[in-house]
Amino acid sequence: MPLVSLAYPLYASVRAIETKSAVDDQQWLTYWVLYSFITLFELTFAPVLEWLPLWSYAKLFFNCWLVLPQFNGAAHVYEHFVRPMIVNQQVVNIWYIPKKGEQERPDDVISAAQKYIEQNGSKAFENLVNKFKTSNPRRSILEEVEVERRARIQRESEAREVNPFFNPDYHQY
């Protein structure tokens, strides 16, 4: 188990630090964040997990899915579960009681957008949204991995064209 969850990720993390690519750095940083969550979960629920006979096997398979680059499990879990929870966190105040006169003033995003459109027009709202999109061009980890994969394939195909040993018409006499 430590081989899958610690030794290989440690080796891959050191290699990622030595490369110029930010994609592998992000992949392994993501893995270590998820590994921390798993460890905290195990420490918190240790008495319950001791009674589950398949927990160690489930954890092994889950770690393999997170670690192996064929699956990109760490990127998938981060993009679909961790990032929305941490980055886009929404705090709900269950003790909030509106004061008199505040009931007509909703504070949600949709109401604010509708009010902005009423005051400035729909074209101004589109410009505002487009300005935000261009100022925050962050791609997801999965998109970065795909871009990196395509670039590697392109480099390999260019190397095959240049290298005579990969050329099927090359004959050495």
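What share of the 173 residues in the protein is buried? Buried residues make up 18% of the 173, where buried means under 20% relative accessible area, exposed over 50% and partly exposed in between, computed with a 1.4 Å probe on protein chains only. The model is predicted, so local features need pLDDT of at least 70 and side-chain atom pairs count only at pLDDT 80 or more, while totals for chains, interfaces and linings use all residues. Residues are numbered from 1 along each chain as its sequence is written, and side-chain values use heavy atoms, with hydrogens and water left out.

**Overall layout**

The protein has eight helices and zero strands; helices (H or I, at least four residues) and strands (E, at least two) are DSSP runs numbered from the N terminus. Along the sequence the pattern reads α-α-α-α-α-α-α-α. Of the contacts with a separation of 6 or more, 59% are between residues 24 or more positions apart, a contact being heavy atoms within 4.5 Å.

**Helix packing**

Axes are lines fitted to C-alpha atoms, for helices over the stretch in contact, and angles run from 0 to 180 degrees between N-to-C directions.

| Helix pair | Axis distance | Angle |
|---|---|---|
| Helix 1 and helix 2 | within 9 Å | roughly 150 degrees |
| Helix 2 and helix 4 | 11 Å | about 165 degrees |
| Helix 4 and helix 5 | within 5 Å | roughly 95 degrees |

Angles under 35 degrees count as roughly parallel, over 145 as roughly antiparallel, 65 to 115 as roughly perpendicular and the rest as oblique.

The axes of helix 1 and helix 2 cross at roughly 150 degrees, which makes helix 1 roughly antiparallel to helix 2. Their crossing is left-handed; a crossing is left-handed if the near helix is turned anticlockwise from the far one by less than a right angle, and right-handed if clockwise. On the helix 1 side the contact involves Val4, Ser5, Leu6, Tyr8, Pro9, Leu10, Ala12, Ser13, Ala16 and Ile17, which meet Asp24, Asp25, Trp28, Tyr31, Trp32 and Tyr35 in helix 2. Sorted by class, this contact of helix 1 with helix 2 holds twelve nonpolar, two polar and two charged residues. Ala, Val, Leu, Ile, Met, Phe, Trp, Tyr, Cys and Pro count as nonpolar, Asp, Glu, Lys and Arg as charged, and the others, Gly among them, as polar.

Helix 2 (residues 22–44) packs with helix 4 (residues 55–67) at an angle of about 165 degrees, and the two are therefore roughly antiparallel. The crossing of helix 2 and helix 4 is right-handed. Helix 2 contributes Gln27, Trp28, Tyr31, Leu34, Ile38, Phe41 and Glu42 to the contact, and helix 4 contributes Trp55, Lys59, Phe62, Asn63, Leu66 and Val67. Nine residues of the contact of helix 2 with helix 4 are nonpolar, two polar and two charged.

With a crossing at roughly 95 degrees, helix 4 and helix 5 are therefore roughly perpendicular to each other. Phe62, Trp65 and Leu66 of helix 4 make the contact with Gly73, Ala74, His76 and Val77 of helix 5. The contact of helix 4 with helix 5 has five nonpolar, two polar and no charged residues.

**Aromatic rings**

Rings of Phe, Tyr and Trp (its six-membered ring) pair if their centres lie within 6.5 Å; planes under 30 degrees apart count as stacked, over 60 as edge-to-face and the rest as tilted. By this rule there are eight aromatic pairs. Tyr8, Trp28, Tyr31, Trp32 and Tyr35 form one aromatic cluster.

**Individual residues**

Serine 5 lies in helix 1 and counts as buried at 4% relative accessibility. Leaving aside residues up to four places away in sequence, serine 5 touches Tyr31, Trp32, Tyr35 and Asn63.

Proline 2 is found in helix 1 (residues 2–18) and is exposed, with a relative accessible area of 52%. Proline 2 and leucine 60 are 58 residues apart in sequence and 9.4 Å apart in space, C-alpha to C-alpha.

Asparagine 72 lies in the loop between helix 4 and helix 5 (73–86). Although not a glycine, asparagine 72 has a positive phi of about 50 degrees. Asparagine 72 is buried, with a relative accessible area of 16%.
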